[in-house]
Amino acid sequence: MKRNYQKIILVVLDGLRPDTVTLARMPHLFGLAAEGWQADAAITVTPSITVAALTSLATGLTPAEHGVTRPGLPPLARLPGLRPLPRELRQLGVSTTVHLPVLGAGARWIAGALLRVGGVTRLCARGTTPASVVEFARQQVEGNRHREFVVVYLNDTDVAGHAWGWMSGPYLQAAARLDRAVARLAPLARARDTLLLVTADHGGGGVDPRDHDALHPLNRRVPLIAAGAGIAAGQAGRLPTHLLDIPPTVLNGFGGTSPAQYAGRVLHEAFSEELVPACG
Ligand SMILES: [Zn+2]
């Protein structure tokens, strides 16, 4: 079934482990998951690092295919036949806007990588706190009546994880800040035509308590939560779910079809069957 959202908002919380999303630690995100749909056990790409994961989200390809597997590599190889998600969306009349915190070194690198992939309409690197980044995103979404894919990237949990360790006190405080920020976006998902997706690019603390690149379940597991109109409310997805399922699901959400080369699948089980329009 094809869907026809007006807005899809994808929130990427860098380094957020799914076991952080509890009622006590992240009540807003926990509530969003409880009211919406969440994958039981979603995993990210290999290697479980930001640059590989974001490039996979932008291209629909595995890191083995796109080749961007560590920071500092030259720009994304000019892969023949590369069909980045923002460019596919543009063909459907959907623009793509990316909201990031004000550019530090890491964010600057990510911004560059996203721009190199191509097709991103707007890159907004404003705001120094999660709340202010989200506020810019919220205002922009509300002020734009056209169809739009909005990515909000926040990295407080990754920064705290590298500095103090995953699940440390400062890490959990960072998660709480992100939770309060995401709460400001949640009302948008009550619109009739908006889908809100929340995920992470990787976990952390699997082998090295302050890192996330080793092949370990704690590094590979990510939250994947969907809320909004047409979502199977209160459901948990039992099928294997991968970060790479997000690009096909976003394309499907705007009524499009994924290029054959996209590695993931549409997360049909996240949507409510009841909302399939009856004919006649
Ligand atoms: Zn990191």
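**Exercise 1.** At roughly what angle do the axes of helix α6 and helix α8 cross, and within what distance do they come? Describe the packing of this pair.

*Solution.* The model is a predicted one, in which local features need pLDDT of at least 70, side-chain atom pairs count only at pLDDT 80 or more, and totals for chains, interfaces and linings use all residues. Residues are numbered from 1 along each chain as its sequence is written.

Step 1: locate the helices, which are DSSP runs of H or I with at least four residues, numbered from the N terminus, as are strands (E, at least two). Helix α6 covers residues 130-143 and helix α8 covers residues 169-185.

Step 2: take the axes, lines fitted to C-alpha atoms over the stretch in contact, with angles from 0 to 180 degrees between N-to-C directions. The axes of α6 and α8 come within 8 Å and cross at roughly 15 degrees.

Step 3: classify the angle, given that under 35 degrees counts as roughly parallel, over 145 as roughly antiparallel, 65 to 115 as roughly perpendicular and the rest as oblique. Helices α6 and α8 are therefore roughly parallel to each other.

Step 4: list the contact, for which C-beta atoms, placed from the backbone, must lie within 7 Å. Helix α6 contributes Pro130, Ala131, Val134, Glu135, Ala137 and Arg138, while α8 contributes Arg177, Leu178, Arg180, Ala181, Arg184 and Leu185.

**Exercise 2.** How many residues of helix α10 are buried, and what covers them?

*Solution.* Step 1: a residue is buried if 20 or more other C-beta atoms, placed from the backbone, lie within 10 Å of its own, exposed if 12 or fewer, and partly exposed in between. In α10 (residues 246-253), eight of its eight residues are buried, among them Ile246, Val250 and Leu251.

Step 1: the cover over the buried residues of α10 includes β1 (7-13), α2 (50-59), α4 (85-91), β6 (148-154) and β7 (194-199).

Step 2: just after α10, Gly255 takes a positive phi of about 85 degrees.

**Exercise 3.** Give the strand order of the open sheet of three strands.

*Solution.* Step 1: strands pair if DSSP finds at least two bridges between them. The order is β8-β3-β11, with mixed pairing.

Step 1: β8 (221-222) and β11 (241-242) are the edge strands, each pairing on one side only.

How values were computed
Contact = placed C-beta atoms within 7 Å.
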